[in-house]
Amino acid sequence: MANAPRYQQIKAYIEEKIETRVWPVGTRIPTEYELCDLFNVSRMTVNKAVRDLVTEGLLERTPRLGTFVTEPKAESPLMDIRNIADEVTARGQHYHSVIHALKRLSAPVDVAMRLGVMLGTDVYYSEIVHYGDEIPLQLEQRWVNPALAPAYLEQDFNQTTPNEYLSSVCPVNTIEHSVEAINPSAAVKEALAMKSDEPCLLLHRRTWSQQTLVSAALLYHPGSRYKLTSRTDR
């Protein structure tokens with residue numbers, strides 16, 4: 001890094017302090033004036049380094065209080081489906097899940113419409129909270145068409161995820177996504193250990209295999225810990 005621009009050297013210094021946990025989450029980093037003195041550079045140079053790290057989600061500015069190390073947000077692609085367990089482990093975190101429900105039920109009106117089946121049809125339902133380093137990242141509520149995944153209820157979703165299992169037995173060829181910001185119910189807040197005033201991102205997902213609806217899912221994410229991304233190549 002000796003030949004790198006000064007702002008990149010400052011970024012690398014801060015990143016190293018965070019990665020080695022010298023500055024753990026919640027730490028207020030030195031002020032921009034202090035970093036200017038430390039590196040003998042202008043405030044503009046320091047500001048660029050800090051601003052980049054804020055954009056990347058490693059730091060968070062709090063007016064009148066300072067700049068703090070923040071918990072990086074988990075990130076998922078909006079236009080694709082990835083296994084959340086793989087996403088978590090790819091970030092160097094420990095993944096595990098807690099199963100809240102795994103059962104057969106008679107589809108009420110909203111589920112029948114969501115899954116494209118007749119009212120009262122037997123469907124499978126699972127409710128699972130996915131964690132990264134003991135922090136809840138996603139509450140997954142999923143309804144599955146038994147005709148396409150008859151062994152769904154027999155799976156050990158502590159060892160695999162619904163997404164991983166369904167992708168193996170009925171490969172997806174069509175995905176439907178929609179996203180909204182919501183004020184979640186008390187039950188969702190409790191499951192995700194959310195603050196009372198924290199926003200929630202809700203991703204509605206439906207997947208098809210060979211033109212048949214396989215599953216419909218509601219994926220809840222704490223707004224402070226998750227972001228959804230999209231990229232289009234033209």
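A residue counts as buried under 20% relative accessible area, as exposed over 50%, and as partly exposed in between (1.4 Å probe, protein chains only). By this definition N40 is exposed, at 70% relative accessibility.

The structure is a predicted model, in which local features need pLDDT of at least 70, side-chain atom pairs count only at pLDDT 80 or more, and totals for chains, interfaces and linings use all residues. Residues are numbered from 1 along each chain as its sequence is written, and side-chain values use heavy atoms, with hydrogens and water left out. Helices (H or I, at least four residues) and strands (E, at least two) are DSSP runs, numbered from the N terminus.

**Packing of α1 with α3**

- Helix α1 (residues 6-19) and helix α3 (residues 43-55) cross at roughly 50°, and their axes come within 8 Å; axes are lines fitted to C-alpha atoms, for helices over the stretch in contact, and angles run from 0 to 180 degrees between N-to-C directions.
- This makes α1 oblique to α3, given that angles under 35 degrees count as roughly parallel, over 145 as roughly antiparallel, 65 to 115 as roughly perpendicular and the rest as oblique.
- On the α1 side, the contact (heavy atoms within 4.5 Å) involves R6, Y7, I10, K11, I14 and E15, and on the α3 side T45, V46, K48, A49, V50, D52 and L53.

**Packing of α1 with α2**

- The axes of α1 and helix α2 (residues 32-39) are 12 Å apart and form an angle of about 110°.
- α1 is therefore roughly perpendicular to α2.
- Residues R6, I10, Y13 and I14 of α1 meet L35, L38 and F39 of α2.

**Buried side of α6**

- Helix α6 (residues 162-169) has P162, N163, Y165 and L166 among its residues, and these four are buried.
- They lie on the same side of α6 because they cover an arc of only 165° around the axis, the arc being that of the directions from the helix axis to the C-beta atoms.
- The buried residues of α6 pack against β5 (122-132), β6 (135-144) and β9 (212-222).

**Positive phi in two loops**

- R21, in the loop between α1 and α2, is not a glycine, yet has a positive phi of about 65°.
- R21 is exposed, with a relative accessible area of 62%.
- N40, in the loop between α2 and α3, is likewise not a glycine and has a positive phi of about 55°.
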